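Here's a quick briefing to read alongside the model. Have a look at the structure first, then run through the points below.

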There are 2 protein chains.
Amino acid sequence: MTIELDIAGALAERPGFLIRRMHQIHLALFAEECAAFDITPVQYSIMTVADSQPGLDQAQLAYEVGVDRATLANVVARLETKGLLRRRPSVSDKRVKLVSLSSRGAALLEKMLLPVQRAHDRTIAALPPKDRETFMALLMRLVNAENDYGRAPLKLG
Amino acid sequence: MTIELDIAGALAERPGFLIRRMHQIHLALFAEECAAFDITPVQYSIMTVADSQPGLDQAQLAYEVGVDRATLANVVARLETKGLLRRRPSVSDKRVKLVSLSSRGAALLEKMLLPVQRAHDRTIAALPPKDRETFMALLMRLVNAENDYGRAPLKLG
């Protein structure tokens with residue numbers, strides 16, 4: 001497959017560079033589609049998991065969403081302040097907080113469903129449908145294989 | 001292709017989620033391989049372009065590296081302080097700064113070449129070689145197609 005490259009030769013051959021750019025592109029598309037809601041992709045992921053698996057503790061939620069625990073705790077606190085999530089202490093250990101979606105959070109999740117779907121669809125829309133499937137299958141294999149990496153806070157600047 | 005998924009069902013079907021996780025995984029691998037150098041992937045990308053295309057102005061450099069101009073200016077200033085990059089005013093317009101690599105920067109770039117290559121290789125190592133090629137070709141097509149998105153600073157939290 002030969003393609004004309006807009007991007008600098010050396011960088012274009014580095015998977016990490018292309019993945020960073022794809023991530024930025026997705027963030028821009030998400031911001032465009034979801035500007036009205038003031039919710040980031042990570043916040044939306046947390047709300048999704050809190051909805052499909054209510055009552056997880058924060059460590060489990062951090063694992064599912066793929067962020068480190070400190071980030072998770074911050075974002076959950078912010079979403080709780082906005083009234084979108086609820087936290088209650090576990091019966092067996094009061095230090096453990098169990099997270100679930102509030103009814104306001106559930107309503108927002110539903111309202112965002114189509115815009116979010118559009119952001120995800122547009123992220124891979126440049127590929128023909130068959131290639132989209134291939135790309136998603138390869139991405140899933142990679143993330144599954146290396147799923148224990150990259151949950152710690154990292155210097156991004 | 002059927003694979004067992006570690007990650008939550010709904011999230012695993014979202015390209016943006018998988019791309020964010022891949023990006024985190026790559027950052028973790030880069031940090032592991034390059035811990036000794038105190039250089040981030042974006043800093044390394046800037047040094048790479050400053051090396052292969054010396055004398056670009058900051059706007060051009062931001063475009064090549066795929067970051068917004070404010071981020072680029074900050075990172076370049078930090079690398080200049082460390083003695084890794086040099087900035088000089090353009091002859092035609094003194095407000096425009098042209099960026100090039102210092103000899104110290106060039107030495108560091110060379111020293112980091114193998115560790116950086118390992119980080120990139122490990123990012124896609126879980127795929128068989130033929131699938132790696134496919135994955136890279138699809139990634140390149142996507143980034144090229146949407147290369148004008150995602151250069152603005154975005155709220156990530």
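**Strands in chain B**

B:Asp57 sits across from B:Leu98 in β3(B). This is a predicted model, where local features need pLDDT of at least 70, side-chain atom pairs count only at pLDDT 80 or more, and totals for chains, interfaces and linings use all residues. Residues are numbered from 1 along each chain as its sequence is written, with chains lettered from A and ligands numbered from 1 in the order in which they are written.

**Pairing and faces**
- Strand β1 (residues 56-57) of chain B runs antiparallel to β3(B) over 2 bridges; strands pair if DSSP finds at least two bridges between them.
- β2 (residues 85-89) of chain B also pairs with β3(B) in the antiparallel sense, over 5 bridges, and B:Arg88 has B:Leu98 as its bridge partner.
- Buried here means 20 or more other C-beta atoms within 10 Å of the residue's own, with C-beta atoms placed from the backbone.

**Chain A**
- Chain A has 7 helices and 3 strands, counted as DSSP runs (helices H or I, at least four residues; strands E, at least two) and numbered from the N terminus.
- Of the 157 residues in chain A, 39% are buried.

**Where the chains touch**
- The contact (C-beta atoms, placed from the backbone, within 7 Å) takes 64 residues from chain A and 64 residues from chain B.
- α2(A) gives the most to chain A's side, with 17 residues.

Technical notes
A residue is buried if 20 or more other C-beta atoms lie within 10 Å of its own, exposed if 12 or fewer, and partly exposed in between; C-beta atoms are placed from the backbone. Two residues are in contact if their C-beta atoms, placed from the backbone, lie within 7 Å.
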